[in-house]
Each structure stands twice: as structure tokens, then as C-alpha cells.
Amino acid sequence: MQKFDVVALGELLVDFTENGKSAQGNTLFEANPGGAPCNVLSMLQCLGKKTAFIGKVGKDSFGEMLRAVVAKQGIDTANVITDETVPTTLAFVHTASDGDRSFSFYRNPGADMMLLEGDIDVSILENTRIFHFGSLSMTDAGVEKATKKAIEAAKRAGALLSFDPNLRPPLWKSLDTAKEKIAYGISQCDILKISDDEIEFFTGVSDIDKGVARIQEEFHTTLICATMGKKGSRAYYNGNRVEHAPFLNEQTIETTGAGDTFMACVLNAVLENGLYEMDTQKLKNMLEFANAASSIITTRKGALKVMPKKDEVLQFIQKRKV
């Protein structure tokens, strides 16, 4: 039996989210722990799974805060490394009136980029059922080598691989390079979570079904989940497409972490059902739960510290059915 259900590698950073105005009329920012891979693990912990994180933070107050918060969530931090010279990565999240976001990153460099091949302890990757990663750990040569080493170790050990492109254009020197690295990520994974915007970026096709068909034709990914924001989500599996409507929420304040919450719920369903034992009903249940959990997280500031528990999600779904 494997020690961990999911091990993730990637960015651990501070999301500064807008939180009102000061007495002088200046925008106030709240320091929320974040980073997509760790957000995914936090939600999985809330669903009763055992997780571990591989990444790097700076030797500063932000790095200390992140390490403490991640540990408090129950995520194993033995492979969270401190960089002695490069500061913790920061992101400022600017929220539009409809809850959509834009990002300003302080990562030139940031500690998460400093993870190196030699930092990877392959033993942790030999003890997990799923290894999860994104494209931001391939923006620089050093961290890309570390990511590829982890991918190869997890594959050798027979773990399933999960990938979320999590495209952030400002962090790439070239969008052609971003596309190339996303292609590599998709080529390695068994489970892909990809947004409607990312499908269009990667395939050049705005129609989601056609875009996913192109991805399937080239990469033969076992399970692809497409998130469509206010239009819900779809799962593509074994030649079938399953769709579920969103749980639109009047209390939505921002969408930070919604995709990560969704990703975690997909991985939870795979852990509980088996990737090759999914059927239409299981996929529908998976999307319903993932959409509901994502809706809940949009009503909260940040994500990592405030993920919903399983019972809360089930109660939310039940209330919507009444």
C-alpha cells in the first residue's frame, strides 16, 4: 500500500487578494497562501486523503508562513525546501466585478523556480498513487529538469499522472514555449484538467468538443475534464462525453482556487473509483461534486486555508436539489 494518495510538485506562493480600501482610499491586499498544486492537495486533505508536496520557498517570513500553513492542513512538508537567497514568490490578484481575475507576479526569480533536479527525493514518488503537476514548474530550465525527473520516477513506480496546464501568460518568455511545455505535460498524463480558455490557446479551436477531440487524437489521454466557468464542466472518457451544469452562486467574490478545487475532486473520484473503472454515473457524480465544491470556494478569499469539507459540499448539493 502506498504511503500517499497524491504527491504534487510546483509553485507555493502568496496570493495577495484585494480586500477593500484603507481610510486613505488605498487598496488593501490580504496575504493568502496559494499556488495551484498545493491548493489541490489542501482540498484532497479535506476529503480525507493523504498528500505530500514538493517545492521551494524563500528564507523569509512569507516562506515560513507558507510552510506552517501547509503543515497545518495536514500536507506532508518533508520535501518543502528553503532557498537561502531567492525570496518566496508573490502574486497580486486583481479581481473584476464578476469575480474573474488578472495576476501580477513577483517571480524574477522566485523561490519556486529554484527547485533543482538534485532536490528531488525519488522515494516519495515511489510511494504515491497519483503524481500531480502543472506547467508553471516548466517555465525555467532548472525547475523543468526537476519536474521531468519527478515525472519519470512516478511513471517508473506505476503511479498515475495528473496535469493541469494552469496557463499564466505573464510567466512565460514566449507563448510558443508555453504551448510546447503544455504539450509535454499532456503527453505524460493519464488525467488532464483543462479550462475552456486553455483549450482554445492550445488547439486554436474555440469549440470545446472539437478542441478536446484534437487533444485525444494526438495524446490519447484516459480522462480529460474541461472546465467552462459559468457554463459548468465536461468529462471525456472512453469515447463518451458527460456534462454537468454549474452551481452559480450569488455570493461569489472571486474565482481564485476554483479550478484547483475542481481538480482535487476529480482526483478524489479517481482514487475512490479507479481510473479504469469509471462509468457514466460515476463521471456525473464526480462533476456534480467538483462543480459544487468549486462554487463554494468562489465565496471565500483565497483557497488553500478555506477548502470545504466533504459534508459541506454534499449539503450544498442537497440544498440546490430541494
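Which residues in H1 meet which residues in H8? The model is predicted, with local features requiring pLDDT of at least 70 and side-chain atom pairs pLDDT 80 or more, while totals for chains, interfaces and linings use all residues. Residues are numbered from 1 along each chain as its sequence is written, and side-chain values use heavy atoms, without hydrogens and water.

Helices are DSSP runs (H or I, at least four residues), numbered from the N terminus. From H1, the contact (heavy atoms within 4.5 Å) draws on Ala 36, Asn 39, Val 40, Met 43 and Leu 44. From H8, Asp 260, Thr 261, Met 263, Ala 264, Cys 265, Leu 267, Asn 268 and Leu 271 take part. These residues divide into 9 nonpolar, 3 polar and 1 charged. Nonpolar covers Ala, Val, Leu, Ile, Met, Phe, Trp, Tyr, Cys and Pro; charged covers Asp, Glu, Lys and Arg; the others, Gly among them, are polar.

H1 (residues 36-46) and H8 (residues 258-273) pack at about 50 degrees, with axes 8 Å apart. Axes are lines fitted to C-alpha atoms over the stretch in contact, and angles run from 0 to 180 degrees between N-to-C directions. H1 and H8 are therefore oblique to each other. Angles under 35 degrees count as roughly parallel, over 145 as roughly antiparallel, 65 to 115 as roughly perpendicular and the rest as oblique.

H9 and H10 pack at about 100 degrees, with axes 9 Å apart. They are therefore roughly perpendicular to each other. The residues of this contact comprise 8 nonpolar, 1 polar and 4 charged.

Terms used:
Helices (H or I, at least four residues) and strands (E, at least two) are DSSP runs, numbered from the N terminus.
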